[in-house]
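Here are a few exercises to work through with the model open in your viewer. Try each one yourself before you read the solution.

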Protein chains: 2
Amino acid sequence: MEIPKPIQKQVQKKGGIRAIADLVEDKDIAHQSRVYHALSEPLRLKILNLLSIQPLCVCLIKEIVKTSDSKLSYHLNILKESGLIEGKQQGNWIIYYVTKLGRKYRI
Amino acid sequence: MEIPKPIQKQVQKKGGIRAIADLVEDKDIAHQSRVYHALSEPLRLKILNLLSIQPLCVCLIKEIVKTSDSKLSYHLNILKESGLIEGKQQGNWIIYYVTKLGRKYRI
DNA sequence: CAACTATTTCAACTTATTTTGAAACGCTAA
DNA sequence: TTAGCGTTTCAAAATAAGTTGAAATAGTTG
């Protein structure tokens, strides 16, 4: 395999291909890509942004985004699992709100 | 549909459910979720981070991430389409590098 | 132009994610 | 305890995304 000269030179300056590769940790990549996956669905990203404006019960989220109960529950769960939102039961309702992590990804 | 009292009060204070909904623009959501989708795949996120350390030809990326040509090309294309990286032909090779947008998402 | 190297494209296939609707669960109040 | 409302769960079906390997393209060099 050949390599363009200028790139080869720059790579050597940085300690070679292995040194560069080692700067990117697979564990960090795996963790962060999971967060991005949760954010990659328009409905979920919208919900996250709504909740960053105002904590809401499922019924109000549903009214805003106009979707089915089970679909909404599915997406809320993914946001919750990835640590972007949390829900607390309050009588008959569950109020969802963004976590500290979630606030980082407000558009 | 009933709504928990404290939430209802907070929502009213912010101008009602419609006002809150209108703060989140579907166009922004659609655009941003596309970027997150590109970042949600571990291999892609790894490549983005590698390129943020050092612009590389496809052959060197391939050597680092140990994957097939066509698979790599597929993922590079998704990163490119979402504006996170760009490639410029240089003789026989294509050198990929992160864009300004891409640099924002370095881990 | 022919041979060569690096990279991309394509269609068939596999795998992962999302949607659906019905049923179940949990809390509250009668 | 039963009824009612808000929410979740489940499995089946639908859709989207990723993988594969062979063939094609594009640039370079002799």
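**Exercise 1.** Find the bridge partner of B:Leu56 in β3(B), then work out the order of the strands in the sheet of chain B.

*Solution.* Start at B:Leu56: its bridge partner in β3(B) is B:Tyr96. Go on to B:Cys57, which has B:Ile95 as its partner in β3(B). So that the names are clear: helices (H or I, at least four residues) and strands (E, at least two) are DSSP runs, numbered from the N terminus. β1(B) and β3(B) run antiparallel and are joined by 2 bridges; two strands pair if DSSP finds at least two bridges between them.

Now look at β2(B), which is linked to β3(B) by 6 bridges, again antiparallel. B:Ile85, for instance, stands opposite B:Val98 in β3(B). β2(B) and β3(B) make a hairpin with 2 residues between them, and B:Gly91 in the turn has a positive phi of about 65°. Put together, you get an open sheet of 3 strands in the order β1-β3-β2 (chain B), with antiparallel pairing. β1 (56–57) and β2 (85–90) of chain B are the edge strands, each pairing on one side only.

A word on ground rules: this is a predicted model, where local features need pLDDT of at least 70 and side-chain atom pairs count only at pLDDT 80 or more, while totals for chains, interfaces and linings use all residues. Residues are numbered from 1 along each chain as its sequence is written, chains are lettered from A and ligands numbered from 1 in the order in which they are written, and side-chain values use heavy atoms, with hydrogens and water left out.

**Exercise 2.** Describe how chain A and chain B meet, starting with how many residues of each are in contact.

*Solution.* First, the residues: 43 of chain A are in contact (heavy atoms within 4.5 Å) with 43 of chain B.

Next, the area. The two chains bury about 4,100 Å² between them, 76% of it on carbon and sulfur atoms; buried area is the accessible area (1.4 Å probe) that two parts lose on being put together, summed over both. A:Tyr36, A:Ile53 and A:Gln54 supply 15% of what chain A buries against chain B, more than any other three residues.

Then the charges. The interface has 2 salt bridges, meaning a side-chain nitrogen of Lys or Arg within 4 Å of a carboxyl oxygen of Asp or Glu. One of them joins B:Lys46 to A:Asp26, with the closest N and O atoms 3.0 Å apart.

**Exercise 3.** Which residues are closest to DNA strand C, and which element gives the most to the surface near it?

*Solution.* Begin with the neighbours: 22 residues surround DNA strand C, the closest being A:Glu2, A:Tyr74, A:His75, B:Cys59 and B:Tyr96. Near here means that one of a residue's heavy atoms lies within 4 Å of the strand. On the DNA side, sugar and phosphate account for 65% of the atoms that come within 4 Å of the protein.

Now pick out individual atoms. A polar side-chain atom of A:Arg44 sits 3.1 Å from a phosphate oxygen of DNA strand C, and for an N or O atom in the side chain of A:Lys71 the distance to a phosphate oxygen is 3.4 Å. The side chain of A:Asn92 has an N or O atom 3.2 Å from a base nitrogen.

Finally, the element: α6(A) gives the most to this surface, with 5 residues.

Technical notes: Polar contact = N/O pair within 3.5 Å; in protein donor to acceptor, adjacent residues only side chain to side chain.
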